[in-house]
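Dear colleague,

Here is the structure that I promised to hand over to you. Please look through it first, and then read my notes below with the model open beside them.

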Amino acid sequence: MARILGIESTCDETAAAVVADGRTVLSNVVASQAHLHAIYRGVVPEIASRAHIENILPVLRESLTAAKLNLNDIDAISIAHRPGLIGSLLIGVTAAKTLAWSLGKPLIGVDHVHAHLYSVLLNDNAEPRTPNPEPSFPALGLVISGGHTALYEMKSFADVQLIGSTIDDAVGEAYDKVSAILGQGYPGGPILDQLAAAGDPNAIHFPRTLLARDSLDFSFSGLKTAVLYHVRGVPTKGQPIKQIARTLDRQQLADIAASFQAACIDVITTKLKRASRKFNARSILIGGGVSANRGLRAALKQFPLPVYFPALQYCTDNAAMSAALAHLFYEKKEFSPLSLDAFPQSQFSYVPSNPR
Ligand code: KG4
Ligand code: ZN
């Protein structure tokens, strides 16, 4: 049984996890910095880097204690070394390289967005075990988070091609910004998800931006602006937008959240239908923070293909998903050199033939 210690520090979560055989999570420790960034309504890179430095050793220690293991029981160290905030990535990369070098264990660098796709396979080390899903390939992979809205054709977990991406805001970013427009907290996704449950999704018709007829790309900035104009009024010549939002009661907030969420879900569902026809997909895998969304999960129950979501604790950033993905490379003995670097961009490049 191969046990991989994973490290995650791409954005504002410092995380470490131990995963056995790429599936079974022996420990999963996440130190969220959300409270440090909340007053800025977004991640401040310098604050994030400093917090990673403070958190990394306690988080690593706790991940071993929770797994009832010590460093010598670990077979390899994995690190999400891209994409992300460079200052944040460097803390995790340095910790991972230091451990790999000092223990003489292999180092495995993985792509954070690729790892989000793998999170659907994670299984808690608890009885009774939930059986691991075995998605049929070719599959579509969709990562929807605060930093990414990316659609992939997956021939297998290892053979992944980017087929669509956001041309402006990521969907999670739109949730966070709409939450700010409504005077609600950060991160906005869980707050709007909760509000939406009590609202009418047909109360306001917000735009669904689908781009060209066969485009697999996404755009959420128009939807976000539509919510802004709904709340503060449409600017006209000589009449700028109001700086202060009109007072909204609880029901109005819920209706806006539900209508915004309905537009996001419609766009996501339409793109998944387009892509599944084009690539003859047999299943859909969805990961990333927004995959925790209750409205989206409920809507995709009607989807004509099997749709796999991660368990809730593996939707948002964590290290278990990268330790699990690293197992694929471990089995093939594809290790990273100790010169492994951090990169702000994902390893998946855009397919230019896709019309925007
Ligand atoms: O995957 P993640 O932790 O970080 C990135 O890689 O970006 O995703 C964080 C994002 C935030 O934008 C947050 O608002 C959103 O996921 N999110 C949600 C929900 N829970 C988290 N969005 C919609 N509904 C949710 N329940
Ligand atoms: Zn992420």
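How many residues lie between S2 and S3 in their hairpin, and which residue in the turn has a positive phi? Three residues lie between the two strands, and Asp21 in the turn has a positive phi of about 50°. Before I go further, please note that this is a predicted model, in which local features need pLDDT of at least 70 and side-chain atom pairs count only at pLDDT 80 or more, while totals for chains, interfaces and linings use all residues. Residues are numbered from 1 along each chain as its sequence is written, chains are lettered from A and ligands numbered from 1 in the order in which they are written, and side-chain values use heavy atoms, with hydrogens and water left out.

Strands and helices here are DSSP runs numbered from the N terminus (E, at least two residues, for a strand; H or I, at least four, for a helix), and two strands pair if DSSP finds at least two bridges between them. Strand S2 (residues 13-20) pairs with strand S3 (residues 24-32) in the antiparallel sense over eight bridges, and within that pairing Ala15 stands opposite Val30 in S3. S2 also pairs with strand S1 (residues 3-8), again in the antiparallel sense, over six bridges; there Gly6 stands opposite Ala17 in S2, and a hairpin of four residues joins S1 to S2.

Is S2 buried or exposed? Eight of its eight residues are buried (under 20% relative accessible area, with exposed meaning over 50% and partly exposed in between, for a 1.4 Å probe and protein chains only), so S2 is largely enclosed by the rest of the structure. In a regular strand the side chains alternate between the two faces of the sheet. In S2, Glu13, Ala15, Ala17 and Val19 point one way while Thr14, Ala16, Val18 and Ala20 point the other way, and all are buried.

Further along, five strands form an open sheet of mixed pairing in the order S9-S8-S7-S10-S11. Strand S9 (160-165) and strand S11 (307-308) stand at the edges with a single partner strand each, so one side of each is left without a neighbour in the sheet. Inside this order, strand S7 (residues 139-144) and strand S8 (residues 149-154) pair in the antiparallel sense over six bridges, with Leu151 in S8 as the bridge partner of Leu142.

With best wishes
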